[in-house]
Amino acid sequence: MEQKHGGARQDDTGRRMKRQGTGHNMMASPALPSAKMRGDRVARFNLLAATALLMCTSVLLVLFQLYTLRGALERTLEIHAAMLASPVAEAMRRGDRLGVEQLLAPLAAAPAIDQALAYSPYGQPFARFARSGSDSVQAASAYGMHVAWRDGHASLLARLPGGGALLLRAGLAPLYGSLIQSAAWTALVSLFAFCVAVLMVHRTRRAAQQAENHLHYLAHVDSVTELPNRHEFNEAMAYALARADRQDSSVGLLLLDLDNFKIVNDTLGHHCGDHLLKLVARRLVSVLRTTDVICRIGGDEFVVIVEPADDASEMVCVARKILAVLAEPFALDGHQLHVSASIGVSLYPFDARDVATLTRNADTAMYHAKHQGKNRYAVFKADMELRAQRRLRMEANLRRALQDGELYLHYQPQIDLRSGRIVGVEALLRWNCREMGAMSPAEFIPVAEESGVIVELGRWVLHTACRQAATWCKAGLLDSLEHVAVNLSASQVREPGLMDDIRAILHETQLPRGLLELEITEGVMMDDVPANLELMRRLQETGIHLSIDDFGTGYSSMSYLKRLPIDQLKIDRSFVHDLPGEGEAIVTAIIAMAHSLKLKVVAEGVETMQQVEFLRRAGCDNVQGFYFARPMTAAQLTALLLERRDWSSRTALAV
């Protein structure tokens, strides 16, 4: 079985990455290579941008240096022209050509100046200086500074006092030399800066790559179990479905949820819960094939992708292997923990055509398995989806039921077996949904508890029952009644404001506290005994009667029972149903135990005279059931109370 499809899956191993420490494969996301390619492109772009910036900066520096050198050359020529202007003009007025040449001769000490030429007021050359005898005399040009970059010289034509002009000419070779030297230094600095930039980009890219790898790990791998997470699961499923379409094969999905995992977190702490998840993951990996993909998609939820899956029987085989491997106890911090799982199975393309629907169907099947008693698997069927949709509709309508006035109460009498009189009534919630019709409490109460609506519903039931009981009390109809019983749900018991709600309701309705009886199921009572014991003590101090409902189903011990401040036990209807017969020993023991603790006993679900006869012989105090009266409306019970009916004829033993 385990090697059946091994050869068909070898083409996909390239897309899988090996999980460290387990040797189990999981689908690798293509996001990492694409992210690396994007990072390389960004790095190259940054280098190109840095290079372009350095080149532009270098060019600007060279141009700035050129501008600076040209300005320095112009200032040098202007200074020499200013120094020579007056003496040369004076010598020209005297017609002393030799004197002008002598005045121009010191320009030989200025290396930047190649030629100097003095013009008479008539524009004729009067005297000149030339560093080389072969230099030609320059023709006069417009006044001011002129640069001939192509010819490699610059000239300044300045006016002389009294007329005439002085032309100074300088070569650009020194300027070019300085400019080349400056450009060389700029290029050297730019090259160094570029190398630093390359190094920084490389280091930044390496750090970014490490960050990308870490982010990819966080995005695709569960940090607790090191299995693929929900994001990776979605990608793996999409890829698997696409491959199944190409190969005309099928894909199986198993969704498993650990049963009662919350108890581990609540009792041993989340650290132990995480450790347990790791141990569970290791066991799942050890029993599955390396070609199967296992992911953790949430708190205590895991999924297994099996491909190709021929039919549901193969998936059932995998589910059984998982249940078997989880059956062995887990050793955790000195504790032996037994963990079970509920598994839902769905198959592509038979149950769904997309990932979301396939997962939802597996989830629906998983909840079906959980409702069937846990520690089992269930294969998805179409009617499960219909029930799931009905539940969603029910929850949505239930949230609107209070505002729409669809909820109401029925009341069922409790009869004293000795006197045959009504000694109590139990308030029972009923719902007539406008969209879905009359709903059974066995159907909508679990939905209310799972959705959290039960707290609001319970508050409404308590308020309505107390208000109705106060009305009966004011009318003098509760003379023979000892109590009006109202059930408390597990969610209500855990509410920190329960005592404040009860006090506020009793104060508003003005119902005597001794007439109210609150019923808590044995299972709820044993959920958190110390906290519930404190709550019950506070309720008893308030004057409210307390009753343990469904007694015999919660496995409470005598050590706890004798400490509970309760007034009454209600025998669960499952035991009464077996009377007379298999239930006799249990019912007799419960009644004897309750009387030894000075508690009254109520048997619910009484439907036959034979049950009444046995309960009376066993010493049961009160009974409740269809044999005497079905649950009825407040108006019907009001008429019954006015009638002052006596059921002694029904409670008497048959001759």
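**Stop 1: a pair on one helix**

Select glutamate 90 and arginine 93: they form a salt bridge, with their closest N and O atoms 2.1 Å apart. Keep in mind that you're looking at a predicted model. Both residues belong to helix H1, which covers residues 31-94, and they sit 3 residues apart, about one turn of the helix. Now colour by accessibility: glutamate 90 is partly exposed at 33% relative accessible area, while arginine 93 is exposed at 55%.

**Stop 2: a buried pair**

Next, pick glutamate 314 and arginine 289, whose side chains meet in a salt bridge at 3.5 Å, N to O. Glutamate 314 is in helix H7 (residues 312-327) and arginine 289 is in the loop between helix H6 (270-287) and strand E9 (293-298), so this pair ties together parts 25 residues apart in sequence. Buried or exposed, what is glutamate 314? It's buried, with a relative accessible area of 3%. Arginine 289 is buried too, at 7%.

**Stop 3**

Now select aspartate 621 and arginine 418, another salt bridge, at 3.2 Å from N to O. This one links distant parts of the chain, 203 residues apart. Aspartate 621 is in the loop between helix H19 and strand E23, and arginine 418 is in the loop between strands E15 and E16. Aspartate 621 is buried at 9% relative accessibility, whereas arginine 418 is exposed at 56%.

Notes
Residues numbered from 1 in each chain as written. Predicted model: local features only at pLDDT ≥ 70, side-chain atom pairs only at ≥ 80, totals over all residues. Heavy atoms only, no water. Salt bridge = Lys/Arg side-chain N within 4 Å of Asp/Glu carboxyl O. Helix = DSSP H or I, 4+ residues; strand = E, 2+ residues; numbered from the N terminus. Buried < 20%, exposed > 50% of the residue type's maximum accessible area, 1.4 Å probe, protein only.
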